[in-house]
Amino acid sequence: MKIGNRDFEIGRHTYIMGILNVTPDSFSDGGKWNRLDAALSHTEEMIRDGADIIDIGGESTRPGYGDVLPDEEEIGRVAPVIEAVRERFDVPISVDTYKSKVAEEAVQAGACLVNDIWGCKYDDRMARVIARTGAACCLMHNRNEPVYENYLEDVKADLLRSVELARQAGVAEDKIILDPGMGFGKTYEHNLILMNRLEILNGLGYPVLLGTSRKSMIGLTLDLPATDRVEGTLVTTVMGVMKGCAFVRVHDVKENARAIRMTEAILQA
């Protein structure tokens, strides 16, 4: 799979998407990286620690995050950072947005992957923008309410509907990644069940990205705040590698990179 100018060997290694939130209110690191100098310093650190992609987000999308941020404000947050990262570092850049206008501006600024938490279902222009720009995309599972008839089958069907929307708009097969959407449209128990059965997504035919870093599933299990969930995240990363995930999206890059290397060494022995 090619993202930007880099080839990713899907099925041979689990790659790291490092999280760069340029927001004042993200759930675990709001306000830490929303100055350009801090964002660039953190990007450099994540790349040094093993990040393969940098995912830049300008709006907090934690559950219950409130009002939708206006497009222009979100663009004003992410576009300058994307441009600066592109100029200084040779790393694929992802934009974390569910809005087509933001995605379009971000790709023009230098992003080569659109990470959409609504899987092209929130904004009916999103799939067309992705197709027209030639960007890769990560389509996440999400629902307004955690109500299902057959939970695991419904998750798969929802993801395939996102794939259908992307393909109908002209997005190439080899540009699509799927995300099970841990923490979105799911109860605590739903998250644990899906984490335990991640391998069911391999049959859909697309690379899977796992995003569990510091999330409430870990906090509720271990009774820990968002800033103290690295060990719990590492467990999910190891399980993700064992169950065939192609990517993990994380805050703590160094620790997760080491966990992946150790897990892969054992699996390949």
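**Burial and overall build**

I started with burial: 57% of the 269 residues in the protein are buried (under 20% relative accessible area with a 1.4 Å probe, protein chains only; exposed is over 50%, partly exposed in between). I note that this is a predicted model, where local features need pLDDT of at least 70, side-chain atom pairs count only at pLDDT 80 or more, and totals for chains, interfaces and linings use all residues. Residues are numbered from 1 along each chain as its sequence is written, and side-chain values use heavy atoms, with hydrogens and water left out.

Next I looked up the secondary structure and found 9 helices and 10 strands (DSSP runs numbered from the N terminus: helices are H or I with at least four residues, strands E with at least two). The radius of gyration is 17 Å, close to the 18 Å from the globule rule for 269 residues, so the protein is as compact as a globular protein of that length (C-alpha atoms; the rule is 2.2 Å times the number of residues to the power 0.38). The C-alpha trace spans about 40 × 40 × 40 Å along its principal axes.

**Strand E7**

Then I went to E7, residues 136-140. I see that 5 of its 5 residues are buried, so the strand is largely enclosed by the rest of the structure. In a regular strand the side chains alternate between the two faces of the sheet. Here Ala136, Cys138 and Met140 are buried on one side, and Cys137 and Leu139 are buried on the other.

Who are the partners of E7? One is E6 (residues 113-116), parallel over 4 bridges (strands pair if DSSP finds at least two bridges between them). I found Leu113 opposite Ala136. From E6 the chain crosses through helix H4 (residues 126-133) to E7, a right-handed β-α-β crossover (with the strands pointing away from the viewer, the path from the first strand over the helix to the second runs clockwise).

E8 (residues 176-179) also pairs with E7 in the parallel sense over 4 bridges, and Cys137 stands opposite Ile176. The crossover from E7 to E8 runs through helix H5 (residues 151-169) and is right-handed.

**Asp179**

I ended on Asp179, which sits in E8. Asp179 is buried but has no salt bridge, and the nearest side chain of opposite charge, Lys215, is 6.0 Å away. A salt bridge needs a side-chain nitrogen of Lys or Arg within 4 Å of a carboxyl oxygen of Asp or Glu; Lys and Arg count as positive, Asp and Glu as negative, and His and the chain ends are not counted. Leaving aside neighbours within four places in sequence, the contacts of Asp179 include Cys138, Leu139 and Met140 (heavy atoms within 4.5 Å).
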